[in-house]
Amino acid sequence: MRNTDFIKELIQFKAQARFIDKPAAEALIEGIFRFLFSREEAEWQEAAALARQTELQQELCRLLSKTATDLETAALQSETFFEALPGIYRQLLKDAEAILNFDPAAQNLAEIIISYPGFYATAIYRLSHQLAQQQVPLLPRLFTEYAHGRTGIDIHPSAVIGESFAIDHGTGIVVGETARIGSNVKLYQSVTLGALNVAKSYAAFKRHPTIEDDVVIYAGATILGGDTIIGRGSIIGGNVWITHSIPSNSVVYHKSEIHIKDRNPFPEPLNFII
């Protein structure tokens, strides 16, 4: 039996939602990343590189046309993005250099660009952030969620991150929408820059913390709240939980305690239920 009413409803919903082709969006952001950093494409002649850039710009325009009010607006948004690309590229080189300077295991910039998930997530974030600044809907989030799926690093495209940003290991990092991160900041794995209140009514407010320049945040630290500021030059130790501001040049850490067990450390038998 043909459910024509359902089909009409489905078509109407898709038209109103203005869906973007997700695989095409993922292919585009991969193409832009390779355009900037692939060794093969870097060896092209200038004319070929310009032609490739034009192809990418046209593909971006095609995707933007799904959510823009008209094709002219989509073309302008795409042009604005590619005009910003040289500056984004130079920012990313500074990010790669910051990782090289921080990480004793890093041998050279090529290793970081090709193999480091933290650099990849940062690159996709910076490209997406440009579109978010241009007030482009949906597509920036598709890009960063693609990077999230590949790396385990979740950076909202509307977060603001300064120069020379370094992520080490990276898996499990979360940077919320209204987070503000200064320059020369380093994050280790499983760091959360999150919100204290996730109610929908707080959507228009700053919900995520501010991290000032030259801060290092070690693995597993959780920092919450839009009024929370981590002062310049501070070191945040692993697994700490912070919901209030920290003065500049502070060191925050948990004190480890060691207890030596005796011959019978447990007065009662331990029962495990699985």
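**Loops, helices and sheets**

Q: Where in the chain is Asn184 placed?
A: Asn184 sits in the loop that runs between strand 5 (180-181) and strand 6 (186-187). Helices (H or I, at least four residues) and strands (E, at least two) are DSSP runs, numbered from the N terminus. This is a predicted model, in which local features need pLDDT of at least 70 and side-chain atom pairs count only at pLDDT 80 or more, while totals for chains, interfaces and linings use all residues. Residues are numbered from 1 along each chain as its sequence is written, and side-chain values use heavy atoms, with hydrogens and water left out.

Q: Is the phi of Asn184 positive or negative?
A: It is positive, at about 60°, although Asn184 is not a glycine. As background, most residues other than glycine have a negative phi.

Q: And how accessible is Asn184?
A: Asn184 has 35% relative accessibility and therefore counts as partly exposed. Buried means under 20% relative accessible area, exposed over 50%, and partly exposed in between (1.4 Å probe, protein chains only).

Q: What about Thr178: buried or exposed?
A: Thr178 is buried, because its relative accessible area is 11%. The loop that holds Thr178 lies between strand 4 (174-175) and strand 5.

Q: What is Thr178 in contact with, apart from its neighbours within four places in sequence?
A: With those neighbours set aside, Thr178 contacts Phe205, Lys206, Arg207, His208 and Pro209. Contact means heavy atoms within 4.5 Å.

Q: Switching to the sheets: what is the strand order in the open sheet of four strands?
A: The order is 2-5-8-11, with parallel pairing. Strand 2 (160-161) and strand 11 (229-230) are at the edges with a single partner strand each, so one side of each has no neighbour in the sheet. Two strands pair if DSSP finds at least two bridges between them.

Q: How many bridges join strand 8 to strand 11?
A: Two bridges connect strand 8 (residues 210-211) with strand 11, and the two strands run parallel. Ile211 has Ile230 of strand 11 as its bridge partner.

Q: And which strands make up the open sheet of five?
A: The order there is 3-6-9-12-14, and the pairing is parallel. Strand 3 (166-167) and strand 14 (251-252) are the edge strands; each has a single partner strand, so one side of each lacks a neighbour in the sheet. Strand 12 (residues 235-236) is joined to strand 14 by two bridges, in parallel. Opposite Ile236 stands Val252 in strand 14.

Q: Now the helices. At what angle do helix 2 and helix 5 pack?
A: Helix 2 (residues 22-37) and helix 5 (residues 71-102) pack at about 60°, and their axes are 11 Å apart. This makes helix 2 oblique to helix 5. Axes are lines fitted to C-alpha atoms, for helices over the stretch in contact, and angles run from 0 to 180 degrees between N-to-C directions. Angles under 35 degrees count as roughly parallel, over 145 as roughly antiparallel, 65 to 115 as roughly perpendicular and the rest as oblique.

Q: Which residues make the contact between helix 2 and helix 5?
A: Helix 2 contributes Ile32, Phe35, Leu36 and Phe37, while helix 5 contributes Phe81, Phe82, Leu85, Tyr89, Leu92 and Leu93.

Q: Does the span of helix 4 agree or disagree with its length in residues?
A: It agrees: the 19 residues of helix 4 (residues 46-64) should span 27 Å at 1.5 Å a residue, and its end C-alpha atoms are 27 Å apart. The expected span is 1.5 Å times one less than the number of residues.

Q: Which residues of helix 4 are buried?
A: They are Arg52, Leu56, Leu60, Cys61, Leu63 and Leu64.

Q: What follows helix 1?
A: Arg18 follows helix 1, with a positive phi near 55°. Phe19 is in the loop between helix 1 (4-17) and helix 2. Apart from neighbours within four places in sequence, Phe19 contacts Phe13, Lys14 and Lys66.

Q: Finally, how many helices and strands are there in the protein chain?
A: The protein chain has eight helices and 14 strands. Of its 274 residues, 44% count as buried.
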